[in-house]
Amino acid sequence: MSFASPLFLWYFVPATLLAVLIAPRKWRNGIIATGSLIFYATGAGPTTLLLLSCMVVNFLAGPALEPDEWDWRQATRRRLLIGVIIFDVAVLVIWKYAGFASEQIAGFAQLFGGDSPVLHLALPIGISFYTFHHISYVVDIYRGERKALRNPVSFATYISMFPQLVAGPIVRYREIADQLPQHRSHRLDDVAAGFPRFALGLCKKVIIADSLAPVADACFATSGEDMTFAIAWLGAITFTLQLYFDFSGYSDMAIGLGRMLGFRLPENFARPYSSVTVTEFWRRWHMSLSRWFRDYVYIPLGGNRGGAAKTYRNLCIVFVLTGFWHGAAWTFLVWGAYHGALLIIERGFGWDRAPTGRFAYIRRRALTMLLVVIGWVFFNAADMGAALTMIGNMLLPDFTGLTDAVTVALTNQRGWILLAALAIVFLPPHPVAGPMLESSRGKVAGALRIGVMTVGLAYAAILVATGTFSPFLYYQF
């Protein structure tokens, strides 16, 4: 069930909100948990049992991971923690990466005239996200940062909450633990604050991202011989914009829905394309993922303690894992390693700090944007050959122009939306529209709120009704 589908927008969300608003307070977590599992099951089907199995294992382990006053059971708790994490990671690895691994083994076997079977497993929706939620839960309890949940309904609410279940934001347990008890108040003010944020995300997704998708798809589908300088750059730039408006739109919808249900979910985007360094880009892009890897991988590995060599090693590990987390393909691995290398170069040469001076700022912002755009080619390409072909054409100007397929995809309407999206991206880094819509009472926020709630929402509703929406890009992760 997509956030941009009529079933979700016109039936599921109103019914869930109405039930939460009129039911007794002690029923609210149960309503949210039940509705969330129904929401997940409509898309995941039988793999919902995998989610439920993981939830049972992590919930039962929680109380045993809590440290007592003297922590005499530290060794036992540590072994249990390692066991639960191995279980969670094994589930992710088997379902997401076993097929990729079997393909590599089969390819290697063919070099020697052998044969090896290739596994084909259906990827459960949101498995990367709920795996990280489970790991956050057990680690935060083990560290003593939060108490384990004894109420299975509260635990199910945290793990399966439908706004963030299938594509984030990644909510660390300590960020939401204090919001889970049933004494949480729920006011109409939350609905009033969350709905404009939700509407903004819907407009980003349906009006901008879905309009750019056919153009990006046509460019990336162009074969090697037909690829030109113009197609390569059009495809790279269009996908750069499509991915941002698609994923940040989803995040705005998720945060807005969470707020309407009485929860404050963490921010996930802060105008990342306004960054002047790649280091800053990762502080602004998919921020909940960056924070998760920082807290549960980078810092436990030693962070930036222990000298430059260990810091660079830790950055490499984190960004290789970041790439593979997004997908089981060499293109994702290269994309992660590419960003890790850029961060190491910036840190090594002292380029990870914002420059002083107007023209230096403009140059660094343009360079950072260029590097990010090139990286997205690896992220979206079908394979390494297609990625290298596109990047090669981006570096070799020609005057061939566009193919017929790309020209057909690039209609006048989509061309204007592409220009509008570029204009939005090149605005100053502050303020960020989502949080401003949700909490600001200024004149600019008021005008934006009115525009989104009237013209934007009406147009988005028409597009949804005509069935022109497409699945969110991050559903595949």
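1. The chain is assigned two domains, domain 1 covering 6–183 and domain 2 covering 190–276 + 354–476, with bounds that come from an automatic or database domain assignment. This is a predicted model, in which local features need pLDDT of at least 70 and side-chain atom pairs count only at pLDDT 80 or more, while totals for chains, interfaces and linings use all residues. Residues are numbered from 1 along each chain as its sequence is written, and side-chain values use heavy atoms, with hydrogens and water left out.

2. Taken over C-alpha atoms, the centres of domain 1 and domain 2 are 28 Å apart. The contact (heavy atoms within 4.5 Å) involves 28 residues from domain 1 and 23 residues from domain 2.

3. About 2,100 Å² is buried between domain 1 and domain 2, and carbon and sulfur atoms give 79% of that area; buried area here is the accessible area (1.4 Å probe) that two parts lose on being put together, summed over both. Of the area that domain 1 buries against domain 2, Pro163, Pro169 and Gln179 supply 25%, more than any other three residues.

4. Between domain 1 and domain 2 there are 0 salt bridges (a side-chain nitrogen of Lys or Arg within 4 Å of a carboxyl oxygen of Asp or Glu).

5. On the side of domain 1 that touches domain 2, helix 1 (6–22), helix 2 (28–44) and helix 7 (173–176) each supply at least two residues, helices being DSSP runs (H or I, at least four residues) numbered from the N terminus. Helix 1 gives the most to this side, with 8 residues.
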